[in-house]
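This briefing is intended for a reader meeting the structure for the first time.

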There are 2 protein chains.
Amino acid sequence: MMKERIGVILSGCGVYDGSEIQETVLTLFFLARQGVEIRCFAPNVDQHHVINHLTGEEMGPARNVLVESARLVRGQISDLATAQVEELEAVIFPGGFGAAKNLSSFAFEGANAKVHPEVARIIREMRAAEKPMGFLCIAPAVCACVLGDLGVEVTIGRDAETAAAINATGAVHVDRAVEDLHVDTARRIASAPAYMYDATLPEVAAGIERVVKQVVAWARGEA
Amino acid sequence: MMKERIGVILSGCGVYDGSEIQETVLTLFFLARQGVEIRCFAPNVDQHHVINHLTGEEMGPARNVLVESARLVRGQISDLATAQVEELEAVIFPGGFGAAKNLSSFAFEGANAKVHPEVARIIREMRAAEKPMGFLCIAPAVCACVLGDLGVEVTIGRDAETAAAINATGAVHVDRAVEDLHVDTARRIASAPAYMYDATLPEVAAGIERVVKQVVAWARGEA
């Protein structure tokens, strides 16, 4: 029997300027335990900026989102422009500021954010095909920027300003605890706040595992 | 009751020039599930080189081991020079080429490798204090370079050349499957081959979890 092909969309390598590393690895780990085939993608574009994760300050020179994302997955990654919805049963977006700085400009422009065209394409095409998607941490904001007009329901944690920006897209913010998830059954979108909370790694892992299980269950037609 | 303080020694951020990211996050995850206090350290030194993980080719400019390691742990890391054995009940070294390129020169000089002085210090002082240590993937080679004269027993997977280099230090290579570990009871050293095998993430995780549990059990006086 063919394994379900689950896309994981990355945005760099590091919480402050790319994909949150711990969220990404746990997503890969829980997906692998489900026995699915994982296909990783990232846009081939320079990062918005590079942050020194020791000091929190900006540093140079520029880094490329696809090249840095490759670190997370031992080189097994492709340009997001090559991702075909027909070859994926579901996609999951881990969090990290890269979702709000590289995949979109949500960190700077909130509900008026621009979304990278390949990111917007994959989210729109997955929705049009009624295929399931998962969004972690700040990544639900990217979903809201693309599908807000559908009134999609997503988590973001308990940051009032960020929740307001989500709602301003037309999407509906849903308050959930760190170990919990929200399931938008109509649009087949699962989301969890993860490190939007100042939480422990096992707490973050609990929410991520629930999203992974929900998305894979949808992809298998079990939910 | 005071939590056991477990040091995790990092070597950068990415399998080909630093710490293996997936091994590191799983080590942190399994340690956190044990309820211990995690303290991360890395030497404040430039990486041997920077590898583009998409192409496998060398790239510039230089990156700093401590600064890049900070990405793995959301900035919660200290210079290894500040690590005090009296403040740690155990230490664990994840793998990745950084162990053999930045923490030591094992990748280039085998049994004749130089070891970063702060790395050698922490390993020697932990052993002298009879405190437990864990080594994953290629990191047992660093242990062998420092403690080979004691005949320490460590895993390395099934690469004959690497195993021979381990044995040439005076250490004893022990053949173990990816999900398994080796326990050197006399020296309180646990090791597992992890991604020295071309294995799946759950297989790698199984070996890492065993090493973490063994090291924490020693730290608690339960083993």
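The lining of the largest cavity consists, by class, of two nonpolar, one polar and five charged residues. In this classification Ala, Val, Leu, Ile, Met, Phe, Trp, Tyr, Cys and Pro are nonpolar, Asp, Glu, Lys and Arg are charged, and the others, Gly among them, are polar. The model is predicted: local features need pLDDT of at least 70 and side-chain atom pairs pLDDT 80 or more, while totals for chains, interfaces and linings use all residues. Residues are numbered from 1 along each chain as its sequence is written, chains are lettered from A in the order in which they are written, and side-chain values use heavy atoms, without hydrogens and water.

**The cavity**
- One cavity of 30 Å³ or more is counted (a set of points on a 1 Å grid over the protein atoms alone where a 1.4 Å probe fits but cannot get out, with lining residues having an atom within 4 Å of a point).
- The volume of the largest cavity is about 30 Å³, taken as the space filled by probe spheres set on grid points joined across faces, edges and corners.
- Chain A contributes A:Cys13, A:Glu68 and A:Arg71 to this lining, and chain B contributes B:Cys13, B:Gln47, B:Arg63, B:Glu68 and B:Arg71.
- Helix H2 (65–72) of chain A and helix H2 (65–72) of chain B each supply at least two lining residues (helices, H or I, of at least four residues and strands, E, of at least two are DSSP runs numbered from the N terminus).

**The two chains**
- Chain B is superposed on chain A by a rotation of 180° with 0.0 Å of shift along its axis, at an RMSD of 0.0 Å (least squares on C-alpha atoms of residues with pLDDT of at least 70 in both).
- This is the relation of a two-fold axis.
- Within chain B, the residue closest to the rotation axis is B:Val25, at 3.4 Å (C-alpha).

**The sheet of chain B**
- Seven strands form an open sheet of mixed pairing in the order E5-E2-E1-E6-E7-E11-E10 (strands pair if DSSP finds at least two bridges between them).
- Strand E5 (78–79) and strand E10 (182–184) of chain B are at the edges with a single partner strand each, so one side of each has no neighbour in the sheet.
- E10(B) pairs with strand E11 (residues 189–192) of chain B in the antiparallel sense over three bridges.
- B:Ile189 in E11(B) is the bridge partner of B:Asp184.

**Backbone details**
- A cis peptide bond, with omega about -10°, joins A:Gly60 and A:Pro61.
- B:Gly60 and B:Pro61 are likewise joined by a cis peptide bond, with omega about -10°.
- B:Cys137, in the loop between E7 and H6 of chain B, has a positive phi near 65° although this residue is not glycine.

Definitions and conventions: On a 1 Å grid over the protein atoms alone, a cavity is a set of points where a 1.4 Å probe fits but cannot get out, and a pocket is an open set with protein on both sides within 12 Å along at least five of seven lines; lining residues have an atom within 4 Å of a point.
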